[in-house]
Amino acid sequence: MSLEQKLVAHIKENGPMTVAEYMAACLYDPEHGYYATRPALGGDGADFLTAPEASQMFGELIGLWCAHEWTAMGKPAINLIELGPGRGVLMQDAWRATERVEGFHDAANIVFVETSPLLREAQGDRVPEAEWATRLEDAPPGPCLIVANEFLDCLPIRQFARVEDGWREKLVGLTEADTLTFGLSALLPAQEDDVLEGAVREIAPGLDALIYEVERRLHDAPGRALFVDYGYVAPGGADTLQALRRHKKIDPLDTPGEADLTAHVDFARVAHLAHEAGLAVHGPTPQGRFLKALGVETRVDMLTRANPAHAQRVARELHRLTHPDQMGVLFKAICLSSPNLPPPAGF
Ligand code: SAH
């Protein structure tokens, strides 16, 4: 039975599902889910190319950022926690780049938060030192540096649509021919009134839960959490649910489980929750500016001098990571910190 057939049967029995339930099924179904079945995420035949997959410089700079922040914290024993490490490329590059930072490797305990058994295997191949947790809650306590690239964008969203007479929730239901289709719920108790018809609001329930857990950790012990992702600072009313298969956007209801489903991250929400909890918030700042502040151009010079034959490739990677037409502006970095730490590098 395909995931599509499974979903059709489920909807027949229980009625339409929320977009969040649909996303969760497509991404995490243990048998058919995108992450559960795709060891080749990244690399050849990938559906999308993330920053660490595009250039070793990304992970290297994040690694040096971690070593810098660890030093600023007074060099404690520290959990280096990565959420959703994919194939483990970011940490592999980060670890290599910090080899010569005295004491850092001895002090750091790498913890990967990952649900997919296949991806855990790929991560272990690249970073044999790592241990795993299924959820952030299960990672060991104590001082921490949390990093996450393109993790928040896969947290399932619910969508609410402004229609003529109020708000309705977008749902996934069935056509008369029993194929998947988007529909709308009954009218919801109306709130925001001055929003144009056609606007969509998105809420990621898992985002709030994750940020609460980060807050708990950063109040219990000193630490920081660095999130890099694509998203917006002010909600524009657009529908940002997106399905990517082999670098092409497809209909999110097409071939459930076979495409990567994501939504833009609401950075204003992340900042708001962290502020309310008394954490220090730096950013969101555009990825291009963040990487330049961390010295990506110096890194380019070093790599080019070390291997002039690769100069063109390295220049292309720099362009991809930092140019406004590429990942430079849509992607943003935000850092949440325990109170009383000095400002982090890069902001
Ligand atoms: N950070 C990597 C991969 C991003 S893809 C990169 O930049 O290349 C998203 C990753 O998050 C995958 O490893 C996926 O399996 C993992 N993931 C998604 N949802 C998760 C969840 N709720 N808990 C733990 N890991 C999750």
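Start with strand 11 (residues 242-245), which pairs with strand 12 in the antiparallel sense over 3 bridges. Strands here are DSSP E runs of at least two residues, and helices are H or I runs of at least four, numbered from the N terminus. Two strands count as paired if DSSP finds at least two bridges between them. The model is predicted: local features need pLDDT of at least 70, side-chain atom pairs count only at pLDDT 80 or more, and totals for chains, interfaces and linings use all residues. Residues are numbered from 1 along each chain as its sequence is written, and side-chain values use heavy atoms, without hydrogens and water.

Now pick Ala243. Its bridge partner in strand 12 is Ile250.

Next, select helix 12 (residues 296-306) and helix 13 (residues 311-322). Their axes come within 9 Å and cross at roughly 165 degrees. Axes are lines fitted to C-alpha atoms, for helices over the stretch in contact, and angles run from 0 to 180 degrees between N-to-C directions. Helix 12 and helix 13 are therefore roughly antiparallel, a term for angles over 145 degrees.

Show side chains. Val296, Glu297, Val300, Leu303 and Thr304 of helix 12 meet Ala311, Val314, Leu318 and Thr322 of helix 13, with contact meaning heavy atoms within 4.5 Å.

How values were computed
Parallel < 35°, antiparallel > 145°, perpendicular 65-115°, else oblique.
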